[in-house]
Amino acid sequence: MIDQSDQAEVGRNARVTPGSVGALAAKVAGPLGTWWRGSVIPSIEHRAVIAKVDDESGLTPRYAFMILMSAGIAVLGLLLSSPAVVIGAMLISPLMGPIIGLGFGMAMIDGNEIRRTAVTLAGGVLLAVLFTALVVFFSPIKDITPEIAARTRPNLFDLLVALFSALAGAYAMIRGREGTIVGVAIATALMPPLATVGFGLATLNGPVFFGALLLFVTNLMTIAIAAAVMARLYGFGPKLTSRQSGVQAAVITAAFLALAIPLGYSLSQIAWEARAQRQTRDMLANEFPRQAKIDQLDIDFSSDPLTIRATILTPEFRAQAAARSEALLAEALGRPVKLSLDQFRVGTAAGDAEAAQLASASAREQASKERATVALVGRELAMLAGVSPDAVLIDREKRLAQVRAAPLPGATLATYRALEQRLAQAEPQWRMQLIPPPLDLPTVSFGGDAPDAAGAQNLALAIWAARRTGLAVTVGGDGDAADYVLTKLREAGIEAQTDGSRNSAGPIRIDWAL
């Protein structure tokens, strides 16, 4: 009886003999197959290659350290949108080693090797995702940069890039061309997708998280399978029967199809967006004179209706251009379209178009700053109100921001008013309105014929709360004092009435009308 260690040794010996030709090579017919089996495979130093693969696919302190360094560089490059920094992270990432090791383990049908490399790979992935999520969580920059967005929509081309890169990487490993691995590391870009996964986790952004995860899984599976195919081709692993070879080929084909179908759909969507961009540009150009120039064209494909913003530099205005283009685009694209068209009139003399372009760029910059301010106001108001930014209502024209606050433990109406005043001081160009929950209204104490200092503050607080909520109130207490409070409330535009207890002594009570 042979135990597991003996089986592993038998497998290790079987996989390095020149006669152990992979199924793919064994089926090559004619002189080419004979030449391959007799000249190419024996020239490979199988034991040295296996030792090199084992050395680069182990879970070691050096591996963990390089994972952390590569992940840190990658996430900072993504946040800064710096391609050079991201490329630096690709170059030092050690993830290629265990993935190629996994491919060799599958080729040699070595369970111990597969488990070892899978543990190494899983440890590196988990370490990279958690570390990058931690960096993003404490980072003041959490915007989706172009470098991040570029890794959230994988397509069929990404699979092909991973396939060609994996074949080159496995060949370099087998033939001793280590310098090629540098180019392969840049091409497959294993660490940046993982850093993007960490970004999605830290910001709770599902599309970013799952899009980047699909890109990483695509690269991982393609590299591992391609490395397994190359290893079999060069004689690594035991000889397979025809049935075993058929099963192996079926599994490889199924894996590629499972990846190719969703990636193919993504590629078709990207191709449709490119055609839509071209059609939009052509239709807008047809609405204006030949001298007109499209200065800017932005399409938001995720919105419904499809939102298109365009800036045209034209020698003459076309009043109906926006309406006609909107209708034509909706018909051509098969989706409802909302077109925002800005026309800048320019002359035909030299320099007029350039001047108009500068004016257009200045207007876009101002609009961009305005959008950033609106977003900041929304986030600040949502944070103080204890709600999500989506709950904030913003009117740009009136420069009004309004939100209904969530109940906060221990908070009173005075607390909510103080929060509103604090935010109004931070953004003096905006009118901030924090709608409080209908908490108990304060009583109004009097000193003679008018409220005392505390009573005046409480009356002002009650007026503020009633205005913000839009609810009616009732007033109860001494007749003359109650009449005073009623008058002040009604002068402030608040619906107020007595509760019938006009002979009660003490401070004037104000309650929400039921």
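A contact here means heavy atoms within 4.5 Å.

**Figure 1. The whole chain at a glance.** This is a predicted model, in which local features need pLDDT of at least 70 and side-chain atom pairs count only at pLDDT 80 or more, while totals for chains, interfaces and linings use all residues. Residues are numbered from 1 along each chain as its sequence is written, and side-chain values use heavy atoms, with hydrogens and water left out. Take the contacts in the protein chain between residues at least 6 apart in sequence: 72% of them join residues at least 24 apart. The chain comes to 19 helices and nine strands; these are DSSP runs numbered from the N terminus, with helices (H or I) of at least four residues and strands (E) of at least two. Of its 514 residues, 41% are buried. For the cut-offs, buried is under 20% relative accessible area, exposed is over 50%, and partly exposed is in between (1.4 Å probe, protein chains only).

**Figure 2. Salt bridges, one by one.** The structure holds four salt bridges, each being a side-chain nitrogen of Lys or Arg within 4 Å of a carboxyl oxygen of Asp or Glu. Arg116 pairs with Glu113, with 3.3 Å between the closest N and O atoms. Both sit in helix H8 (residues 111-138), three residues apart, so about one helical turn separates them. Arg116 is partly exposed at 30% relative accessible area, whereas Glu113 is buried at 4%. Another bridge joins Glu147 to Arg151, whose closest N and O atoms are 3.0 Å apart; Glu147 and Arg151 are both buried.

**Figure 3. A salt bridge across two helices.** Arg468 and Glu420 meet through their side chains in a salt bridge of 2.8 Å, N to O. Arg468 is in helix H18 (residues 453-469) and Glu420 is in helix H17 (residues 413-426), so the pair ties together parts that are 48 residues apart in sequence. Glu420 is buried, with a relative accessible area of 8%.

**Figure 4. Helix H7, mostly under cover.** H7 (residues 96-107) has 12 residues and reaches 17 Å from its first C-alpha to its last, close to the expected 16 Å. That expected span is 1.5 Å times one less than the number of residues. How much of H7 is buried? The count is 11 of its 12 residues, including Met96, Pro98, Ile99, Leu102 and Phe104. Just after H7, Ile109 takes a positive phi of about 50 degrees.

**Figure 5. The largest nonpolar core.** A nonpolar core is a set of buried Ala, Val, Leu, Ile, Met, Phe, Trp, Tyr and Cys residues joined through side-chain atoms within 4.5 Å. The largest one has 54 residues, and the members touching the most other members are Leu95, Phe104, Ile174, Met191, Leu194 and Phe236. Among the elements giving two or more residues to this core are helix H4 (46-56), helix H5 (61-80), H7, H8 and H13. H13 supplies the largest share, 12 residues. Leaving out residues up to four places away in sequence, Met191 touches Ile67, Ser70, Ala71, Ala74, Ser93, Leu95 and Ala128. Another core lies apart from this one, with 32 residues, among them Val403, Ala405, Val485 and Ala496.

**Figure 6. Val129 and its neighbours.** Val129 belongs to helix H8 and is buried, at 11% relative accessible area. Which residues does Val129 touch, not counting those up to four places away in sequence? They are Leu194, Val197, Gly198 and Leu201. Val129 and Val197 are 68 residues apart in sequence, yet 6.4 Å apart in space, C-alpha to C-alpha.

**Figure 7. Leu439 in its loop.** Leu439 is found in the loop between strand E6 (431-435) and H18, and is partly exposed at 27% relative accessible area. Setting aside residues up to four places away in sequence, Leu439 touches Ala411, Thr412, Leu413, Tyr416 and Trp512. From Leu439 to Leu413 is 26 residues in sequence and 6.6 Å in space, C-alpha to C-alpha.
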